Amino acid sequence: MFEDRIAELNGVSKTAPNKKSYTVAEIRQILGISRPTAYKLINQNVFQSVRLNSGIRIVKSSFDAWLETRE
């Protein structure tokens, strides 16, 4: 649903309809927010996220549902 809002990285639109999660960089790009603001949302459990050794992944379905309530 929100694949069209996925970031333009290096001038190339990146869409992945089978994605199950977003990176922090992707949600920053989608929302147009700063890094501290993205981590604030994650820490407030606004949407589901999973901490991995290599960083944090935001559960796509949870993020998309939250974003839909904002539009």
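Which residue stands opposite G55 in β5? Select L52: L52 stands opposite G55. Keep in mind on this tour that the model is predicted.

**Stop 1: the hairpin**

β4 and β5 make a hairpin, and two residues lie between them. Their pairing is antiparallel and runs over four bridges. Now pick V50. Across from V50 you find R57 in β5.

**Stop 2: the whole sheet**

The three strands form an open sheet in the order β3-β5-β4, with antiparallel pairing. Look at the edges next. β3 (21-23) and β4 (49-52) each have a single partner strand, so one side of each has no neighbour in the sheet. Turn the view to see the twist, which averages 35° from one strand to the next.

Now zoom in on β3 and strand β5 (residues 55-59). They pair in the antiparallel sense over three bridges. Select T23. R57 in β5 stands opposite T23. R57 came up at the previous stop too, as the residue opposite V50.

**Stop 3: a helix on the sheet**

Keep β3 and β5 in view and show α1. Which strands does α1 touch? This helix packs on the sheet and touches β3 and β5. The direction of α1 makes about 85° with that of β3.

**Stop 4: α1 and α2**

Select the contact residues. From α1, take V24, I27, R28 and L31; they meet R35, A38, Y39, L41 and I42 in α2. Colour this contact by residue class: seven are nonpolar, none polar and two charged.

**Stop 5: α1 and α3**

How do the axes of helix α1 and helix α3 cross? The axes of helix α1 (residues 24-31) and helix α3 (residues 60-70) come within 13 Å, and they cross at roughly 15°. Angles under 35 degrees count as roughly parallel, so α1 and α3 are roughly parallel to each other. The crossing of α1 past α3 is right-handed.

Select I27, I30 and L31 in α1. Across the contact they meet F63, W66 and L67 in α3. Here six residues are nonpolar, with no polar and no charged ones. I27 and L31 also belong to the contact with α2.

**Stop 6: an aromatic pair**

A search of the whole structure finds four aromatic pairs. In the pair of F47 and W66, the ring centres are 5.3 Å apart and the planes stand at 65°. Planes over 60 degrees apart count as edge-to-face, so this pair is edge-to-face. Where in the chain do F47 and W66 lie? F47 is in the loop between α2 (35-43) and β4, and W66 is in helix α3. They are 19 residues apart, so select both by number to see how the pair links distant parts of the chain.

How values were computed. Residues numbered from 1 in each chain as written. Predicted model: local features only at pLDDT ≥ 70, side-chain atom pairs only at ≥ 80, totals over all residues. Heavy atoms only, no water. Axes fitted to C-alpha atoms, helices over the stretch in contact; angles between N-to-C directions. Parallel < 35°, antiparallel > 145°, perpendicular 65-115°, else oblique. Left-handed = near helix turned anticlockwise from the far one by under 90°. Contact = heavy atoms within 4.5 Å. Nonpolar A, V, L, I, M, F, W, Y, C, P; charged D, E, K, R; others polar. Pairing = 2+ DSSP bridges. Phe/Tyr/Trp six-rings, centres within 6.5 Å; stacked < 30°, edge-to-face > 60°.
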